[in-house]
Amino acid sequence: MNKLKFTTDNGSAFYKELRQKIDLHFLVNRIDKTGSKKMLFKIVLYFSLDILFYVLMITSTSLVSFYAFYLLMGLSILLTAFNISHDAAHGVAVKSKFWNRFLFSLSFNLQGNNAYVWGKNHNESHHLYTNVEGSDIDVLNNPLFRMTTSQPLKWYHKYQQYYAPFLYLLYSINWFLFRETLMLVNYSSRTIKIEIPKEEVVKLIVYKMLYIGYMIVLPIYVLPFDWTIIILAFVFNHFVVSLIFVGVLGVSHLSDFVKHPKANSDNTLDMSWPMLQMCTSVDYNANSTFFNWTLGGFNAHALHHLLPNVSHVHYLDILPIFREVAEKHNITYMEMSYRKSLAAHFRFLKTMGTQTQFIPRPYER
């Protein structure tokens, strides 16, 4: 990973005042930046739903109920990741460092994925160098998609906005079966290669086997359905989870409104770190109580990137402060409806598939 240096601009003053006002907000209201009682309720709710839907699935007597509870379990686990795992990864789900680590590790590893790998690279790569190729772990280097201008433009890329939704169906199952597994041999479809500590290699293998055990093997053993039915449920569940996951996260950084900055030869970006976060993130329906509750604040992505030490349960309260300070410092805050952010995502795919260069669309309210 290329470690970058930033420069000072008006984003620096914006960020300094933003942090001061946010700190004052929590001080005056005598509340912690970590999760409140609402978060504790969410923790109990989502883990309870995970267990409930699994029990209902594993005791199903009809095909309809089996599929329904299997998919509901998959959705519940995804919402647990959005609301609990992510905050815990940043150490803000609860006050205790131990319980944050425990909640993150439990909820992430039990999905068959490696908490260490994701947490380390999410915090030390994606959050630091958002959308910068060679520094942000989430920048793809996949021959089927052209997401960066450094990738050669192939004839089939002009169709990528059409075949993207079908490939998006494979995101989750690719992550589980191939993405982390290939990292074991130091191969990655990302622009950065990953080396995994030996201890985490063991955990990765054990939890993937455990996941296959309770999601496939045990249902085949105890349920009165053919094994092909169980496999289809497993695959279909990953299809649904993938579409929701990509639909929630993909529109934030892969948009024709955002920038994909390039570092200079000395690994310096011609902008401050706060400015990088503001020009590479799109927020949608940031005021929505429903989205905040279900998506764990992922719809307020710029706010989260600048204030990862604040739990998403506080976003609706501090959003007015965020907007006010951004406007004062003449910093563009890109927020729109989900429909517009989704359209911008597919325009981005079309542009990257037909043009060698990419110029972000000017944002207007």
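**Spaces and helix contacts**

Reply: The largest cavity has a volume of about 80 Å³. Please keep in mind throughout that this is a predicted model.

Me: How many cavities of 30 Å³ or more are counted here?

Reply: Rolling a probe the size of a water molecule over the atoms shows where empty space is left. In this structure the count comes to one cavity of 30 Å³ or more.

Me: Which residues line the largest cavity, and how do they divide by class?

Reply: The lining is made by Val117, Trp118, Asn121, His122, Ile137, Asp138, Trp175, Arg179, Glu180 and Met183, and by class these are five nonpolar, two polar and three charged residues. Two helices, α5 (115-126) and α7, each supply at least two residues of this lining.

Me: What is the volume of the second largest pocket, and which residues are the closest to its centre?

Reply: A pocket, unlike a cavity, is an open set of points. The second largest pocket has a volume of about 390 Å³, and of the 21 residues that line it, Asn131, Thr149, His260, Pro261 and Lys262 are the closest to its centre. Its lining is made up of nine nonpolar, nine polar and three charged residues.

Me: Now for the helices: at what angle do α2 and α3 pack?

Reply: Helix α2 (residues 37-58) and helix α3 (residues 63-89) pack at about 155°, and their axes lie 8 Å apart. Angles over 145 degrees count as roughly antiparallel, and therefore α2 is roughly antiparallel to α3. The crossing in which α2 passes α3 is left-handed.

Me: Why is α7 described as roughly perpendicular to α9?

Reply: The axes of helix α7 (residues 171-183) and helix α9 (residues 227-253) come within 6 Å and cross at roughly 110°. Because angles of 65 to 115 degrees count as roughly perpendicular, α7 is placed in that class relative to α9. On the α7 side the contact is made by Tyr171, Ser172, Ile173, Trp175 and Phe176, and on the α9 side by Phe234, Val235, His238, Val241, Ser242, Phe245 and Val246. These residues divide into nine nonpolar, three polar and no charged.

Methods. Residues numbered from 1 in each chain as written. Predicted model: local features only at pLDDT ≥ 70, side-chain atom pairs only at ≥ 80, totals over all residues. Heavy atoms only, no water. 1 Å grid on protein atoms, 1.4 Å probe; cavity = no way out; pocket = protein on both sides within 12 Å on 5 of 7 lines; lining within 4 Å. Points joined across faces, edges and corners; volume = space filled by probe spheres on them. Nonpolar A, V, L, I, M, F, W, Y, C, P; charged D, E, K, R; others polar. Axes fitted to C-alpha atoms, helices over the stretch in contact; angles between N-to-C directions. Helix = DSSP H or I, 4+ residues; strand = E, 2+ residues; numbered from the N terminus. Parallel < 35°, antiparallel > 145°, perpendicular 65-115°, else oblique. Left-handed = near helix turned anticlockwise from the far one by under 90°. Contact = heavy atoms within 4.5 Å.
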